[in-house]
Amino acid sequence: MSQLKPGVYRHFKGNLYRLITVARHSETLEEMVVYQALYGEGGYWVRPVSMWNEIVEKEDYTGPRFVWVGENL
């Protein structure tokens with residue numbers, strides 16, 4: 001399983017999210033990040049670990065999609 005740390009991460013666009021856990025897709029066994037938005041309605045989401053960890057290349061930014069900022073905020 002992935003070694004991602006639970007805690008708060010900043011998305012490259014600026015919003016904060018709490019990584020709750022890493023789970024596996026029941027059919028493909030792909031690792032998925034289970035996370036919660038720390039703004040708005042605080043919805044829960046899933047995203048493949050491969051996407052969570054990828055490097056984003058935009059006109060004004062090149063770097064990780066999510067950056068760990070701490071255990072709690």
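Leaving aside neighbours within four places in sequence, which residues is V22 in contact with?

A: This is a predicted model, in which local features need pLDDT of at least 70 and side-chain atom pairs count only at pLDDT 80 or more, whereas totals for chains, interfaces and linings use all residues. Residues are numbered from 1 along each chain as its sequence is written, and side-chain values use heavy atoms, with hydrogens and water left out.

With neighbours within four places in sequence set aside, V22 is in contact (heavy atoms within 4.5 Å) with M1, S2, L4, E31, M32 and V49. V22 also belongs to the largest nonpolar core, whose eleven residues are L4, Y9, Y17, L19, V22, V33, Y35, A37, V49, W52 and F66; such a core is a set of buried Ala, Val, Leu, Ile, Met, Phe, Trp, Tyr and Cys residues joined through side-chain atoms within 4.5 Å, and buried means under 20% relative accessible area, exposed over 50%, and partly exposed in between, for a 1.4 Å probe and protein chains only. Strand 2, strand 3 and helix 1 (49-52) are the elements that give two or more residues to this core, where helices (H or I, at least four residues) and strands (E, at least two) are DSSP runs numbered from the N terminus. In soluble globular proteins, nonpolar side chains tend to be buried together.

Among the contacts of V22 is E31, which has its place in strand 3. E31 touches M1, S2, V22, A23, R24, P48 and V49, not counting residues up to four places away in sequence. E31 is buried yet has no salt bridge, the nearest side chain of opposite charge, R24, being 4.1 Å away; a salt bridge is a side-chain nitrogen of Lys or Arg within 4 Å of a carboxyl oxygen of Asp or Glu, and for charge Lys and Arg count as positive and Asp and Glu as negative, with His and the chain ends not counted.

The loop between strand 2 (16-24) and strand 3 (31-37) holds L29, whose phi is near 65 degrees, a positive value in a residue other than glycine. L29 counts as exposed because its relative accessibility is 52%.

Strands 3 and 4 pair in the antiparallel sense over five bridges, pairing being counted if DSSP finds at least two bridges between two strands.
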